[in-house]
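Please look over the sequence and the model below, then read on.

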Amino acid sequence: MGRKEDALVVVAIDFGTTYSGYAYSFRDEYKKDHTQIYSNDVWRTEDRFATTKTPTTILFGKDGEFHSFGYEAEQTYTELIESGEADEYSYFTRLKMILFQDESISTVHHPELKRKTRISRDLTLEDITGKGMKALKVFSESIRFLKEHFQKSCKVANFKLTKNDIHWVLTVPAIWKDNAKQFIREAAKEAGIDEDFLTLAYEPEAAAIYCKEATVQRKEGTEGCSLQSFDAGHQFLVLDCGDRFYMFNILF
C-alpha cells in the first residue's frame, strides 16, 4: 500500500459554486520549482473560447444516469429546452450552496426545513425545475467527471498512472463545518478516490501558500516587476471574492 506523500503527481480540484476546474503538479518538478503547476486549458465555451474552468452544472439523463458536466451540460440543456425534451432530464447548477444551508437555517423558526436540509447521506437536492435527487450522487458524479477528465487528458494519458500515483486534493471553504467536510469526503469516495490518497485543503490557506511561494513585487529603485517570493517579515492579505461570501486572511 502506497502513501499519498509518495505519489508522483498531486491533483487539486477546485469544486466551485459557479465554476470548477483542476490543476496538477509532478513531485519531481515541484522539488525543483514550487511554481511548476499545470492547469487544464481545454474547456470550450459555446463560442469556442478556451477557459481554465468550466461551469459547475451537471445534467442527468432520462434514467437518472450522468449525462454531461460544465459547458456541455449547459449547451445540451439549452437544446433540450428548445426541442421540448427538457422535462425528462435533471439539470443542477450552483449545487455547492446546499452545503452552506445547514449553517444558517434556524431550528426554532424552520424546524421542518432544517430537518430536510441537514447535511447527511440522505440529503436531497432539487434541480432547477424542482425534481429531486440524492445530493451525494450529484456531488460524486461531478467530482468523478473532473477526476476522469484529468486522467484522460492528453498531457498525462500516456503516463499510465495508477491510483497510488495520484494524491488528490479537494479545496473547501474555511467556514464549512465538519458535517459538510465529511459529506464531500464521502462524495469523493463514491467518485472512486481512495480516502487514503485524499486531502481537504481550505481555500484561503491554499491561496496563501501559493502567494508565499511566488508573487509579483515591485522593488524600489527598479523598473517593472519581478517574480519572486516575499522577503522575511513581510505581511500580505488574501481576499477571496466569492459569489456569496467575501473572506480575507492576513498572513505574517
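## Confidence and overall make-up

In this predicted model, strand E7 (residues 57-60) has the highest mean pLDDT among the elements of the chain, at 98, while helix H4 (residues 111-117) has the lowest, at 45; pLDDT is the predictor's confidence in each residue, from 0 to 100, and helices (H or I, at least four residues) and strands (E, at least two) are DSSP runs, numbered from the N terminus. Over the chain the average pLDDT is 82, and 80% of the residues score at least 70. Across residues 102-116 the pLDDT stays under 50, and for this stretch the model has 14 contacts beyond four places in sequence, where contact means heavy atoms within 4.5 Å.

Because the model is predicted, local features need pLDDT of at least 70 and side-chain atom pairs count only at pLDDT 80 or more, whereas totals for chains, interfaces and linings use all residues. Residues are numbered from 1 along each chain as its sequence is written, and side-chain values use heavy atoms, with hydrogens and water left out.

The chain has seven helices and 17 strands. Of its 252 residues, 39% are buried, meaning under 20% relative accessible area, with exposed being over 50% and partly exposed in between (1.4 Å probe, protein chains only).

## The sheet around E7

Strands E8, E7 and E9 form an open sheet in the order E8-E7-E9, with antiparallel pairing; two strands pair if DSSP finds at least two bridges between them. E8 and E9 each have a single partner strand and stand at the edges, so one side of each is left without a neighbour in the sheet. On average, neighbouring strands here are turned by 20° against each other, direction ignored, the axes being lines fitted to C-alpha atoms, for helices over the stretch in contact, and angles running from 0 to 180 degrees between N-to-C directions.

| Pair | Sense | Bridges |
|---|---|---|
| E7 and E9 (residues 90-93) | antiparallel | four bridges |
| E7 and E8 (residues 66-69) | antiparallel | three bridges |

Ile58 has Phe69 as its bridge partner in E8 and Phe92 as its bridge partner in E9. Helix H5 packs on this sheet and touches E7, E8 and E9, its direction making about 110° with that of E7. Leu59 stands opposite Tyr91 in E9. Between E7 and E8 the hairpin has five residues, and in it Gly64 takes a positive phi near 80°.

## The nonpolar cores

A nonpolar core is a set of buried Ala, Val, Leu, Ile, Met, Phe, Trp, Tyr and Cys residues joined through side-chain atoms within 4.5 Å. The largest one has 44 residues, and those with the most contacts inside it are Leu99, Phe139 and Ile184. Elements that each supply at least two of its residues include E7, helix H3 (98-104), helix H5 (135-152) and helix H6 (178-190). H5 gives the most to this core, with eight residues. Apart from it lies another core, of seven residues, among them Leu59, Ala73, Tyr77 and Tyr91.
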